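Dear colleague,

I am handing over the structure below, and I would be grateful if you could read through it alongside the notes that follow.

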Amino acid sequence: QVRLVESGGGLVQPGGSLRLSCAASGFTFSNYAMSWYRQAPGKERELVATIDSATINPGLEITYLGDSVKGRFTMSRDDDKKTVYLQMNSLKPEDTAVYFCNAHWHRLDYWGQGTQVTVSS
(Lines give C-alpha, C1' and ligand atoms only; values in the text may rest on other atoms or scores of the structure.)
Protein backbone atom coordinates (compact mmCIF):
# COMPACT_ATOMS: atom_id res chain seq x y z
CA GLN A 1 0.00 0.00 0.00
CA VAL A 2 1.42 3.35 -1.07
CA ARG A 3 1.59 5.95 1.66
CA LEU A 4 2.93 9.48 1.84
CA VAL A 5 2.52 10.97 5.29
CA GLU A 6 3.30 14.63 5.83
CA SER A 7 4.01 16.11 9.24
CA GLY A 8 5.42 19.26 10.80
CA GLY A 9 2.79 21.81 9.85
CA GLY A 10 1.26 24.24 12.28
CA LEU A 11 0.79 27.86 13.25
CA VAL A 12 3.86 30.10 13.15
CA GLN A 13 4.42 33.84 13.37
CA PRO A 14 5.75 35.79 10.40
CA GLY A 15 9.51 35.42 10.21
CA GLY A 16 9.41 32.03 11.87
CA SER A 17 10.46 28.61 10.63
CA LEU A 18 8.95 25.19 10.16
CA ARG A 19 10.31 21.90 8.89
CA LEU A 20 7.95 19.62 7.06
CA SER A 21 8.60 15.91 6.65
CA CYS A 22 7.08 13.37 4.30
CA ALA A 23 7.56 9.69 5.06
CA ALA A 24 7.02 7.33 2.14
CA SER A 25 6.26 3.63 1.98
CA GLY A 26 4.83 1.07 -0.39
CA PHE A 27 6.84 1.95 -3.50
CA THR A 28 10.46 2.14 -4.67
CA PHE A 29 11.18 5.58 -3.30
CA SER A 30 14.56 6.02 -4.97
CA ASN A 31 13.02 5.79 -8.45
CA TYR A 32 10.71 8.72 -7.92
CA ALA A 33 11.03 12.44 -8.27
CA MET A 34 9.80 13.94 -5.03
CA SER A 35 8.09 17.29 -4.78
CA TRP A 36 6.35 19.61 -2.40
CA TYR A 37 3.25 21.45 -3.56
CA ARG A 38 1.03 23.89 -1.72
CA GLN A 39 -2.51 25.09 -2.12
CA ALA A 40 -3.83 28.25 -0.54
CA PRO A 41 -7.57 28.85 -0.11
CA GLY A 42 -9.18 29.77 -3.42
CA LYS A 43 -5.97 29.19 -5.37
CA GLU A 44 -4.62 26.44 -7.58
CA ARG A 45 -2.10 23.94 -6.32
CA GLU A 46 1.40 25.32 -6.78
CA LEU A 47 4.69 23.49 -7.17
CA VAL A 48 7.11 24.59 -4.44
CA ALA A 49 10.18 22.38 -4.88
CA THR A 50 11.36 19.19 -6.56
CA ILE A 51 14.30 16.82 -6.22
CA ASP A 52 14.65 14.30 -9.05
CA SER A 53 15.68 10.72 -8.42
CA ALA A 54 19.32 9.79 -8.01
CA THR A 55 19.19 8.07 -11.40
CA ILE A 56 19.29 11.44 -13.15
CA ASN A 57 20.35 13.56 -10.20
CA PRO A 58 23.13 11.65 -8.40
CA GLY A 59 23.79 14.44 -5.95
CA LEU A 60 20.10 14.72 -5.06
CA GLU A 61 20.27 18.43 -5.61
CA ILE A 62 17.17 20.57 -5.74
CA THR A 63 15.88 20.38 -9.29
CA TYR A 64 13.27 23.12 -8.98
CA LEU A 65 12.55 25.80 -6.39
CA GLY A 66 9.74 28.29 -6.87
CA ASP A 67 10.62 31.93 -7.24
CA SER A 68 8.41 32.93 -4.35
CA VAL A 69 10.34 30.73 -1.91
CA LYS A 70 13.92 31.04 -3.19
CA GLY A 71 16.29 32.11 -0.47
CA ARG A 72 13.82 31.07 2.23
CA PHE A 73 12.92 27.40 1.62
CA THR A 74 15.09 24.43 0.95
CA MET A 75 14.26 20.82 0.20
CA SER A 76 16.15 17.63 0.87
CA ARG A 77 15.58 13.91 0.58
CA ASP A 78 16.98 10.91 2.39
CA ASP A 79 16.57 7.83 0.24
CA ASP A 80 17.71 5.53 3.05
CA LYS A 81 14.92 6.82 5.27
CA LYS A 82 12.47 7.24 2.36
CA THR A 83 11.74 10.72 3.60
CA VAL A 84 11.73 14.19 2.12
CA TYR A 85 11.93 17.45 3.99
CA LEU A 86 10.98 21.05 3.38
CA GLN A 87 12.79 23.56 5.57
CA MET A 88 10.86 26.82 5.56
CA ASN A 89 12.49 29.94 6.98
CA SER A 90 11.45 33.59 7.07
CA LEU A 91 7.84 32.56 6.67
CA LYS A 92 5.34 35.08 5.38
CA PRO A 93 1.55 35.20 5.67
CA GLU A 94 1.35 34.42 1.95
CA ASP A 95 3.01 31.06 2.64
CA THR A 96 -0.18 29.98 4.41
CA ALA A 97 -1.46 26.89 2.61
CA VAL A 98 -1.91 23.16 2.79
CA TYR A 99 1.42 21.58 1.83
CA PHE A 100 1.39 18.30 -0.07
CA CYS A 101 4.08 15.75 -0.74
CA ASN A 102 4.15 14.20 -4.23
CA ALA A 103 5.98 11.24 -5.73
CA HIS A 104 6.21 11.02 -9.52
CA TRP A 105 7.69 8.39 -11.87
CA HIS A 106 6.63 7.97 -15.47
CA ARG A 107 2.81 7.89 -15.34
CA LEU A 108 2.62 7.25 -11.64
CA ASP A 109 1.71 10.03 -9.23
CA TYR A 110 1.18 9.63 -5.51
CA TRP A 111 -0.01 12.29 -3.07
CA GLY A 112 -0.05 12.70 0.65
CA GLN A 113 -3.02 14.01 2.60
CA GLY A 114 -1.40 17.39 3.20
CA THR A 115 -0.37 19.35 6.25
CA GLN A 116 -1.65 22.82 7.11
CA VAL A 117 0.81 25.68 7.49
CA THR A 118 -0.58 28.93 8.85
CA VAL A 119 1.59 32.02 9.13
CA SER A 120 -0.07 34.64 11.27
CA SER A 121 0.62 36.95 14.17
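In these notes, contact means heavy atoms within 4.5 Å. This is a predicted model, in which local features need pLDDT of at least 70 and side-chain atom pairs count only at pLDDT 80 or more, whereas totals for chains, interfaces and linings use all residues. Residues are numbered from 1 along each chain as its sequence is written, and side-chain values use heavy atoms, with hydrogens and water left out.

On T83: leaving aside residues up to four places away in sequence, T83 touches S21, C22, A23, F29, S76, R77 and D78. T83 belongs to strand β8, which covers residues 83-88; strands here are DSSP runs of E with at least two residues, numbered from the N terminus. With a relative accessible area of 9%, T83 is buried, where buried means under 20% relative accessible area, exposed over 50% and partly exposed in between, using a 1.4 Å probe and protein chains only. A polar atom of the T83 side chain also lies 2.9 Å from the backbone oxygen of K81.

On the disulfide: a search of the whole structure finds one disulfide, the term being used for a pair of cysteine sulfur atoms within 2.5 Å. The disulfide joins C22 to C101, with an S to S distance of 2.1 Å. Because C22 lies in strand β3 (residues 18-25) and C101 in strand β9 (residues 97-105), the pair ties together parts that are 79 residues apart in sequence. The torsion about the S-S bond of C22 and C101 is about -80°, so the disulfide is left-handed. C22 is buried at a relative accessible area of 0%, and C101 is likewise buried at 0%.

On the core: a nonpolar core is a set of buried Ala, Val, Leu, Ile, Met, Phe, Trp, Tyr and Cys residues joined through side-chain atoms within 4.5 Å. The largest one has 29 residues, of which M34, W36, L86, M88 and Y99 touch the most other members. At least two residues of this core come from each of β3, β4 (33-39), β5 (46-51), β7 (73-78), β8, β9 and β11 (115-119).

On L18: this residue lies in strand β3 and, at 16% relative accessibility, counts as buried. L18 and L91 are 73 residues apart along the chain, yet their C-alpha atoms are separated by 8.2 Å. Beyond four places in sequence, the residues that L18 touches include L86, M88, L91 and V117.

With best wishes

Notes
Helices (H or I, at least four residues) and strands (E, at least two) are DSSP runs, numbered from the N terminus. A polar contact is a pair of N or O atoms within 3.5 Å; within protein, one must be able to donate a hydrogen and the other to accept it, and residues adjacent in sequence count only if both atoms are side-chain atoms.
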